[in-house]
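Dear colleague,

My findings follow directly after it.

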Amino acid sequence: SAQSRLFIKGGRIVNDDQSFDADIYIEDGIIKQIGNNLVIPGGARTIEAKGKLVIPGGIDTHTHMQLPFMGTHAVDDFYSGTKAALAGGTTMIIDFVLDQKNVSLLEAYDKWRNWADSKVCCDYALHSCVTWWSPEVAKEMDILCKEKGINSFKMFLAYKDVFMLEDNELYEVFKRCRELGALGMVHAENGHLIAEKSSEMIQHGITGPEAHEMCRPEEVEAEATNRAITLANQANCPLYIVHVMSKSAAKVVTKARRQGKVVFGEPIAASLGTDGTHYWNKCWRHAAGHVMGPPLRPDPTTPGYLMDLLANNDLQVTGTDNCTFNADQKALGKDDFRKIPNGVNGVEDRMSVIWEKGVHTGKMDPCRFVAVTSTNAAKIFNIYPQKGRIAVGSDADIVVWNPNASRTISAKTHHQAVDFNIFEGMLCHGVAEYVMTNGHVVLDEGQVRVTQGMGRFIPLPCNSETVFSRIRERERTTKPCKVEREPYDGPVAKITATQMSEKMIVADNPIIPNNAEFHGRPMTSSGARNLQDSTFSLSGQQIDEKSPRRSTTRSLNPPGGKSSGLW
């Protein structure tokens, strides 16, 4: 019908690899023609894009809409959250299925689908979170991949006793991901250390939001990032580090990539657009409004550093970790920072913040902007070129972007349900003027026009070429091989019957045996210990600790003479 026909005229199309001047004809939610002097059917609506950029709709790789967390629920649900996303130029989100420990992954998946399907205004997909490990979880992961459209699983090294996995469990999940062709994702912080340091903060009487950052310093994030990369590499599993928040963690990701490890880094709008100095603000509400995990870093050079890495492909994609809580919800932790619900906004402002901090400052070009806000995500999660590209046959998720317009971000004017915005007062150059999702114009000259449930669930197929092409080759070429050799036919030491009868426990570590021996030389002819023998033992055992102790020893002639003598 004519209502489903759109003609975008006179704009400059920007993909991740090239930009060019051309018109676009859209019908039934699909891009049908691209070029100049197009012949199109009558009745199509024309959108004038002269002097504007025409870019693929943004893909937010990391959201938590209406998440039950820390005793409450995120205030932005799948309706208000996706409506706000569209207002900012994001036409698809990937949310996380995150339920409590021991809850079936399949049951959690169904719960999230029921929440989202009737509310979403734009297309969406899902990651699944693995917060516990068992053979049943392994079976459910297989079903999620083969039948439910899941191709990524997120694990936590933080939130001890709530979501955190131990290293051995994480390694098992990584192996299962590799078998299924799924991407492993990790929230990288040292949960054990955070638990200890959090208690220390309380003992020191520091209960405000500043303690949140103080108990989770950069090295806690960097250590866990390195540990996750090491475990994933040993399992030959591709790894995606979510919300890279610090210079230290970013350096670990960059180093690993330069060593050839298959790892992707995701900074978020918050870490690219602001910093952690806000935790020391005198206003408790302002400080608490910035609390998230991992925390924003107080080093004010962090956002610029992360943007430089993003611009040069040391980091690859951008999300938001959008998980919003109002003032009264944050106030659950007014007397104890550990109870402040973790989460900030970003789904509406991500595109503008990255344009302002990246393109407007000269750090990246428009093609790279498209790559980090849309195309790379589509490739990693295996929906390219359906999403993430303006091409014939691709979904008509398109943004007409005005690089010369500007707007000031404010909680008073944003479309999210939350009452606070961490980017409050930021002037952003680069504004979405028209937004189309599946060929529907949902942002029209500043007016958002959406309908609940108009978005679709997009299945994410496993074995993304971008992610797994190197993994499969390495699996083939680095498979362990045993050394073929002649069997040993030399002498073998024999254990005597006396030795066999002794109840000896062999230690797992042969360097520190349970039956510690000090004497390597025979006794002297008079039966005394050979003084050339060492009395040192790695176990800490003393050579004479089994000998009876004398209370005192009186020396009649001590070295140096008697103290009672006259000199």
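In this predicted model, the axes of helix H8 (residues 247–258) and helix H11 (residues 302–311) cross at roughly 15 degrees and come within 10 Å. Because angles under 35 degrees count as roughly parallel, H8 is roughly parallel to H11. The crossing in which H8 passes H11 is left-handed.

The contact between these two helices involves residues from both sides. H8 contributes Lys-247, Ala-250, Lys-251 and Thr-254, which meet Thr-302, Tyr-305, Leu-306 and Leu-309 of H11. By class, the residues of the contact of H8 with H11 comprise four nonpolar, two polar and two charged.

I turn next to the strands. Strand E1 (residues 5–9) is largely enclosed by the rest of the structure, because four of its five residues are buried. With which strands does E1 pair, and in what sense? One partner is strand E4 (residues 23–27), with which E1 pairs in the antiparallel sense over four bridges. Within E4, Tyr-25 is the bridge partner of Phe-7. Another partner is strand E6 (residues 45–48), which runs parallel to E1 and is joined to E1 by four bridges. Here Ile-8 has Ile-47 in E6 as its bridge partner.

When you inspect the side chains of these strands, please bear in mind that in a regular strand they alternate between the two faces of the sheet.

In short, H8 and H11 form a left-handed crossing, and E1 pairs with E4 in the antiparallel sense and with E6 in the parallel sense.

With kind regards

Technical notes
Residues numbered from 1 in each chain as written. Predicted model: local features only at pLDDT ≥ 70, side-chain atom pairs only at ≥ 80, totals over all residues. Heavy atoms only, no water. Axes fitted to C-alpha atoms, helices over the stretch in contact; angles between N-to-C directions. Parallel < 35°, antiparallel > 145°, perpendicular 65-115°, else oblique. Left-handed = near helix turned anticlockwise from the far one by under 90°. Contact = heavy atoms within 4.5 Å. Nonpolar A, V, L, I, M, F, W, Y, C, P; charged D, E, K, R; others polar. Buried < 20%, exposed > 50% of the residue type's maximum accessible area, 1.4 Å probe, protein only. Pairing = 2+ DSSP bridges.
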